[in-house]
Amino acid sequence: MSNRAVISLLALATFLFSIATLSLATEAVELTRHLVPSIYVFGDSIVDVGNNNFLPPPAPRAKSPYGIDSPASITGRFTNGYNIADLVARRLGFMKSPPAYLSLTPETSHDLLRCRVGASYASGGSGILSTTALYKMGARRLGILDVPAIGCTPGARVPMMNGVCNDAANSMAQIFNKLLRVEVARAVKTSMPGMKYSIGSTYNVLIDLINKPFVAGLREVERACCGSGTLNAEAMCSMPNTTYCMDRDEYMFWDKLHPTQAMYERGVMAIFYGSKKYADPINFAGLIPSMNDTMTPPDVYSI
């Protein structure tokens with residue numbers, strides 16, 4: 001395994017992921033080369049690309065209309081199209097996220113063991129395990145997504161008076177994110193020589209876009225596109241009697257918990273090219289040997 005060019009994308013959010021501003025002309029992007037040899041994804045439903053399809057109930061599954069805006073070959077995403085792992089992979093020269101680990105055949109598993117391909121170990125509903133020790137396996141480039149403003153998801157707003165954000169939930173996320181940065185910095189300094197990492201602030205990105213949605217071309221930041229009831233957030237998308245919106249590119253949230261592809265696109269641009277407010281101690285572009293210029297591209301991203 002290359003110690004210098006492997007990225008592990010670790011999504012820490014138990015419920016959601018993160019967001020902020022990208023102009024990625026998704027299908028028009030010419031993908032000509034990989035900036036890293038492989039990607040390994042760990043996390044929950046924010047980055048799951050189908051592992052849960054191979055698990056028995058009660059593991060949640062992304063059934064139709066999840067994936068409504070995806071190519072026919074893309075399934076298992078808990079959003080309307082690409083998720084954030086797909087979009088990070090595309091910025092690195094891949095067509096999409098690496099495949100779900102549970103979908104691998106004996107032949108592709110053989111390639112995985114020799115680090116010729118990456119894999120996604122993400123599973124909807126999963127948590128954080130101390131045993132997923134990656135440095136000892138050779139990882140030297142680590143992209144981490146912190147916990148977003150979980151109190152501002154449509155589902156969290158439903159029980160609140162006037163549908164405002166749940167400040168108590170957001171406060172817990174902020175406390176966790178502060179400790180995350182302290183502990184990661186300590187671990188890298190004391191026991192991970194050579195590790196280079198970036199923590200994407202999904203919390204700051206989400207809050208800034210809620211406060212200034214029109215700057216990013218969004219119209220709806222409180223109501224879910226797909227669901228039912230108050231704020232369309234009293235039932236998960238794909239449940240009986242749920243409906244979905246037609247103007248999905250103008251919505252921040254696809255369902256009561258998960259963002260739309262449009263929001264994931266904006267989030268990827270923020271963590272790749274944004275200031276330290278959105279990714280620290282360096283941004284994601286700074287993790288890539290051939291993308292060490294961490295300055296924000298002119299006229300591309302600003303909140």
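In this predicted model, Cys225 and Cys245 are joined by a disulfide with an S to S distance of 2.1 Å. The torsion about this S-S bond is about -110 degrees, so the disulfide is left-handed. Cys225 sits in the loop between strand E6 (220-224) and strand E7 (226-227), and Cys245 in the loop between E8 and E9, so the bond ties together parts that are 20 residues apart in sequence. Cys225 counts as buried at 2% relative accessibility, and Cys245 is buried with a relative accessible area of 10%.

The disulfide count comes to three. The table lists them.

| Disulfide | S to S distance | Torsion about the S-S bond | Handedness |
|---|---|---|---|
| Cys152 and Cys165 | 2.1 Å | 115 degrees | right-handed |
| Cys225 and Cys245 | 2.1 Å | about -110 degrees | left-handed |
| Cys226 and Cys237 | 2.0 Å | 70 degrees | right-handed |

The disulfide of Cys226 and Cys237 links strand E7, which holds Cys226, to the loop between E7 and E8, which holds Cys237, across 11 residues of sequence. Cys226 and Cys237 are buried. With the bonded cysteines numbered in sequence order, the pairing reads 1-2, 3-6, 4-5.

The bond between Cys152 and Cys165 joins two loops: Cys152 lies between E4 and helix H3 (154-157), and Cys165 between H3 and H4, 13 residues apart. Both of these cysteines are buried.

Helix H4 covers residues 167-191, and its 25 residues should span 36 Å at 1.5 Å a residue; the end C-alpha atoms are 36 Å apart, which agrees. At the start of H4, a side-chain oxygen of Asn166 comes to within 3.0 Å of the backbone nitrogen of Ala168. The helix has buried residues Ala169, Asn170, Ala173, Asn177, Leu180, Val184, Ala187 and Val188. These buried residues pack against strand E4 (141-145), strand E5 (196-200) and helix H5 (202-211).

The largest nonpolar core has 27 residues, and Ile39, Val47, Ile84, Leu92 and Phe272 have the most contacts inside it. At least two residues of this core come from each of strand E2 (39-42), helix H1 (84-91) and helix H6 (261-273). Helix H6 gives the most, with six residues. A second, separate core of 20 residues includes Val147, Leu206, Leu218 and Met263.

Tyr66 and Phe78 are each in the loop between E2 and H1, 12 residues apart. Both Tyr66 and Phe78 are buried.

The rings of Tyr244 and Trp254 have centres 6.5 Å apart and planes at 40 degrees, so this pair is tilted. Tyr244 belongs to strand E8 (residues 243-244), whereas Trp254 is in the loop between strand E9 (251-253) and H6, 10 residues away in the chain. Tyr244 counts as partly exposed at 37% relative accessibility, whereas Trp254 counts as buried at 0%. Tyr66, Phe78, Tyr244 and Trp254 form one aromatic cluster.

Conventions: Residues numbered from 1 in each chain as written. Predicted model: local features only at pLDDT ≥ 70, side-chain atom pairs only at ≥ 80, totals over all residues. Heavy atoms only, no water. Core = buried A, V, L, I, M, F, W, Y, C linked by side-chain atoms within 4.5 Å. Buried < 20%, exposed > 50% of the residue type's maximum accessible area, 1.4 Å probe, protein only. Helix = DSSP H or I, 4+ residues; strand = E, 2+ residues; numbered from the N terminus. Expected span 1.5 Å × (residues − 1). Contact = heavy atoms within 4.5 Å. Polar contact = N/O pair within 3.5 Å; in protein donor to acceptor, adjacent residues only side chain to side chain. Phe/Tyr/Trp six-rings, centres within 6.5 Å; stacked < 30°, edge-to-face > 60°. Disulfide = S-S within 2.5 Å.
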